[in-house]
Amino acid sequence: MNTSLLTSHDASKPPRTLHRCSRRAMLMACFATVSLTCATSAIAESTRSTIDYVQPRMVKIFGSGKGFKGFYAYSTGFLVSPEGHIATVWSYVLDSDQVTVVLNDGRRFSASVVGAEPPLDLAVLKIDAEGLQLPYFDLNDVEDADLGTRVLAFSNMFKVATGDEPVSVMHGVIAAKTNLSARRGRYETPYTGPVYILDAVTNNPGAGGGVIASRDGKLLAMIGKELKNTDSSTWLNYAVPISELRVSIDQIITGNFDAPAAEDDETPVAGAQYRPETWGMVLVPDVVYRTPAYIDAVRPGTPAEAAGLRSDDLILFVNDKLVSSCRAFREAVNRQEEGDTMKIVVRRGDQLVTFEFDVRSPEEQ
Amino acid sequence: MRMSQPITASPRRAIAMMCLMLAATALFSAAAANAQNSGSELEDLEERAFQTAAAMAQPSLVRIETVGGIEVVDNILTPTGPTTGVVVSSDGYLLSSAFNFISRPASIVVTTYEGRKFPAKLIANDHLRMLSLLKVEADGLIPVTPAAEESFQPGRWAIAIGWTFDAESPNISVGIISAVRRVWGKAIQTDAKVSPVNYGGPLVDLSGYALGILVPLSPDGNSATSGVEWYDSGIGFAIPVRDALDAAERMKAGTDLRVGLMGISFRHNGSVAEKPAIDRVQYGSPAQQAGLKENDVITAVAGEAVRRIADVRQQMGRYYADDEVAIIVKRGEDSLTVTVHLVAELLPYESGYLGILPLRTSAGDAKPGDESAGVTIRYVFPKSPADEAGLQRRDRIVQFQDQPVKDYSQLRDLVSRTLPGDTIALTVLREQKKAAVELKLAIIPNDLPPDDLPTRTSQIADAEKPEDAKDKQGAPAEPTGRLNETLPGREESYWAYVPGDYDPRETYGLVVWIHPTGDTHEAIVLERWKTICDTRRLILLGPKSERAEWSPEHTDFVKEAIEEIARRYNVDPFRKVILSYRGAGAFAQFLVNKEQDLFAGVAMWQSPLLIPPPDHEPDNHWQWYLGCHEDDPMQPLIEKSVEKLHEMKYPAAKATWAGNADEFPPGETVEDLARWIDALDRL
């Protein structure tokens with residue numbers, strides 16, 4: 001090793017002072033590092049653990065399409081059963097005798113298409129994973145996300161990940177929740193149900209079949225195929241909620257197509273126990289589909305009056321969930337349970353004001 | 001961890017350190033565990049803040065739907081889906097991005113936050129900041145709240161909000177402020193994703209207060225679609241909310257706001273990093289009216305010091321037409337402050353027109369205070385302002401507005417610096433009596449002068465010639481008829497024709513004939529022009545380049561030949577014309593551009609405009625004549641050339657002829673052309 005090499009190595013070494021530091025300094029440094037980690041890791045930790053959780057459940061898919069101009073022969077999928085079932089988007093990539101699946105650790109498998117649900121743009125593949133104990137997403141443990149929720153997107157976009165490299169991760173927020181059917185004809189897609197619009201550029205070659213996960217590792221949605229908004233000629237970054245896909249995935253895996261195509265997610269509320277009026281809030285007349293939840297009047301001698309709510313206050317959040325209408329507010333109030341504390345955030349002029357109410361049975365109040 | 005023999009610290013101290021460290025580790029583990037379970041606190045808080053900000057901003061949003069309109073503008077499919085707007089006053093004024101209305105929709109429907117729907121009227125557009133002001137007949141709307149000053153800092157959170165995807169709730173994109181005062185000082189830049197799904201919506205801070213209104217912008221373009229190509233790229237723009245509200249206030253009057261122009265240019269190939277030395281001040285522009293001059297160096301704009309061309313653009317980029325801007329320039333050693341009143345459009349210069357021809361013998365003869373001072377009218381063009389005001393042949397114009405008229409060249413200067421449409425007062429002397437005449441100047445007509453335009457000869461026959469006109473004994477004995485000459489020290493030669501009855505007390509027009517390569521056409525040109533030269537009082541000059549094509553190197557030769565003729569004969573500077581045929585037009589145009597004072601008129605047979613002429617100004621006041629055979633393949637190009645000249649507000653006549661396309665020069669057109677030359681000194 002010559003001198004110049006040594007010199008260049010020096011540059012990559014930790015600062016010189018550490019070489020001859022005293023034990024005390026070392027201790028101090030340790031202490032500093034720990035406290036720093038303590039401060040900064042608070043930001044990164046759940047993101048990192050989510051990535052650690054999701055990555056082994058993601059697969060890279062390679063199929064046909066290679067050689068055609070403008071077509072790419074790869075996409076993304078995710079494991080959904082201990083037997084090696086993989087959910088992905090239905091596309092020409094799968095239209096091949098030879099579909100190859102590459103796991104997160106680089107293991108390669110031949111895959112067969114078990115079934116597809118074209119109206120959902122969904123396909124399920126299977127690899128022979130008998131006895132391998134591959135990790136998978138439990139489709140009963142999925143979540144719905146609200147506008148503004150921070151999310152992570154995982155996909156094999158542009159197949160930048162090769163071999164045992166994990167797929168690419170992007171971050172963003174839920175930009176909107178909408179229904180593609182409301183805009184039928186504007187998008188060339190068979191799927192017309194609810195979607196998340198993402199504030200992240202996920203619309204990339206090969207990203208279809210990737211997943212959107214919340215920061216705490218809950219599976220939220222599957223990234224859709226590339227789609228252009230024909231209204232504005234802009235690309236659409238969207239993902240289909242797992243709740244829309246779950247039944248079909250189950251049906252394809254089990255081969256049992258008798259189950260109802262869609263189950264009612266709404267758990268019926270047992271009786272209209274709580275109403276805004278319970279606390280003395282009178283809402284404005286609910287005239288249109290989404291009348292904002294303005295307080296029209298506050299009854300005298302009620303908890304609402306005692307707390308200081310006023311007419312013209314606009315109710316925005318109930319227990320940190322956005323309520324966009326009178327109807328949504330009534331539903332949120334209705335879901336309260338005895339003994340809870342109901343937190344309400346209102347917009348008053350340009351200010352946000354928070355109120356808390358004890359949830360007790362109407363009789364007690 | 002090994003704990004032995006600390007070198008500098010006491011054991012007790014080391015133990016204390018270790019305790020601290022352990023405590024920290026414990027703290028860390030707790031934090032990590034907590035993060036594992038429920039997500040980190042900061043991220044949660046931020047996420048909550050995004051949602052709160054969107055919820056706070058929401059009541060001031062409107063959703064805009066349009067019906068009808070054109071589909072493609074600037075090669076971009078116009079948006080037909082819902083777009084976004086922002087409430088700026090409770091009584092129904094809304095701001096949005098001008099991009100959302102480029103299709104000129106037939107109908108606009110606005111849905112407010114409460115779900116009420118209103119038809120909206122587009123009140124005005126802001127062509128500088130690319131905003132549109134809408135009005136709905138509603139009250140009780142919730143106007144947007146401007147963010148506090150400290151929110152306008154790069155690095156602060158910025159949330160772009162639209163209301164286009166879902167009727168229930170807005171769509172958001174989260175980013176930070178990337179920069180302020182972008183795109184020539186107009187915009188906040190953000191890395192939040194800005195696109196047709198939120199153009200017109202607000203960019204808000206974490207409190208949900210408005211930072212700006214989202215619009216597509218580009219430093220290089222100025223149309224409503226400029227910058228759309230950057231959608232979702234991480235480069236997005238918003239007009240700062242205060243500027244947007246000011247613009248809304250101004251637009252309430254119902255007139256569009258336009259980019260403010262002052263009419264100066266810097267050297268075209270000059271880098272924006274160079275010092276702002278003015279290269280040109282456009283005639284009639286606000287800059288000229290404010291007294292700015294070439295070579296002035298701008299040192300401050302609106303109180304802000306400027307050092308480079310880019311600084312000037314940055315400062316000026318924020319102003320509208322009708323704004324007044326204080327500008328400080330350095331002229332030599334002096335520092336001058338001027339106020340420039342910006343305009344929306346810099347109009348090309350156009351000369352006013354009375355509709356008369358002057359009697360030429362009086363030109364230059366009068367002395368100040370002389371009885372004969374003024375300009376005598378030799379001809380009044382039918383239906384011209386002069387005709388309509390009742391002016392007649394032999395009337396003498398002695399005063400223009402409050403200026404006594406001494407001679408033709410002074411009157412010409414006064415008329416040429418008055419705009420078409422302006423009304424002026426003339427004092428006219430008719431049979432020893434003064435009369436005041438008011439007339440509204442017109443534009444110089446592009447048509448050829450009427451067929452019956454009297455020749456000078458016919459007017460002499462009309463007994464208007466001064467008494468001493470026959471007294472020719474003092475005339476120098478310059479040769480007349482056909483001449484063949486060379487200039488001393490030059491190889492090239494020229495030929496010329498001077499009318500046989502040349503009278504040095506009259507002025508003569510000069511036609512400089514630039515022959516096509518390879519053939520001087522001397523004999524035929526002379527044959528066609530001889531009689532016409534006699535009647536219209538013209539001298540014909542034919543510089544020759546027999547061996548080589550015309551090239552810039554011939555400039556001096558042609559110039560010297562013209563000067564030689566002008567020295568020996570009484571040539572009227574206002575009737576000097578360059579005439580070319582086919583390919584020689586290129587050299588003729590080069591010459592005109594190079595030697596801008598050499599000619600008053602440019603006539604070209606079968607040749608389009610090859611070099612764009614300089615801007616039309618009182619000092620470049622050429623008149624143009626473009627002639628072409630009706631079947632000539634050049635015809636469409638020549639047509640376009642004439643249009644271009646008209647756009648630049650140059651008087652330009654177009655003549656076409658039929659018959660034998662090979663005949664040269666085309667017989668009857670020589671007559672037309674001579675009449676055009678004879679009217680070049682029209683006012």
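The following paragraphs describe the two chains of a predicted model, from overall make-up to selected local features.

Residues are numbered from 1 along each chain as its sequence is written, while chains are lettered from A and ligands numbered from 1 in the order in which they are written. As the model is predicted, local features need pLDDT of at least 70 and side-chain atom pairs count only at pLDDT 80 or more, whereas totals for chains, interfaces and linings use all residues.

Chain A holds five helices and 20 strands, and chain B holds 14 helices and 36 strands; helices (H or I, at least four residues) and strands (E, at least two) are DSSP runs, numbered from the N terminus. A residue is termed buried if 20 or more other C-beta atoms lie within 10 Å of its own, exposed if 12 or fewer, and partly exposed in between, with C-beta atoms placed from the backbone. On this basis, 41% of the 365 residues of chain A are buried, as are 42% of the 683 residues of chain B. Two residues are in contact if their C-beta atoms, placed from the backbone, lie within 7 Å. Of the contacts in chain A between residues at least 6 apart in sequence, 58% join residues at least 24 apart; for contacts in chain B with a separation of 6 or more, residues 24 or more positions apart account for 67%.

Confidence in chain A deserves a word. Its mean pLDDT (the predictor's confidence in each residue, from 0 to 100) is 79, and 76% of its residues reach 70 or more. Residues 1-43 of chain A have pLDDT below 50, and this stretch makes 38 contacts in the model beyond near neighbours in sequence. Residues 261-269 of chain A also stay under 50, with six contacts beyond four places in sequence.

Turning to the interior, a nonpolar core is a set of buried Ala, Val, Leu, Ile, Met, Phe, Trp, Tyr and Cys residues joined through C-beta atoms within 7 Å. The largest such core has 167 residues, and those with the most contacts inside it are A:Ile86, A:Ile212, B:Leu94, B:Ile159 and B:Val215. Another core, of 82 residues, lies apart from it and includes B:Val375, B:Leu441, B:Val558 and B:Cys628. Leaving out residues up to four places away in sequence, A:Ile212 touches A:Val151, A:Ala153, A:Tyr196, A:Leu198, A:Leu220, A:Ala221, A:Ile223 and A:Ala239.

In chain B, helix α2 (residues 41-57) has 17 residues and should span 24 Å, in agreement with the 24 Å between its end C-alpha atoms; the expected span is 1.5 Å times one less than the number of residues. Among the buried residues of α2(B) are B:Glu47, B:Phe50 and B:Met56.

Strands are taken to pair if DSSP finds at least two bridges between them. An open sheet of four strands in chain B has the order β18-β17-β19-β20, with antiparallel pairing. Strands β18 (304-305) and β20 (334-341) stand at its edges, each with a single partner strand, so one side of each is left without a neighbour in the sheet. Two bridges join β17 (residues 297-301) to β18(B), and B:Val301 has B:Glu304 as its bridge partner.

Further along chain B, eight bridges join the antiparallel strands β26 (residues 423-430) and β27 (residues 433-440), with B:Leu429 partnered by B:Lys434. These strands form a hairpin with two residues between them, and B:Glu431 in the turn has a positive phi of about 45°. Within β27 of chain B sits B:Glu438, which is exposed, with 10 other C-beta atoms within 10 Å. Not counting residues up to four places away in sequence, B:Glu438 touches B:Ala389, B:Thr423 and B:Ala425.
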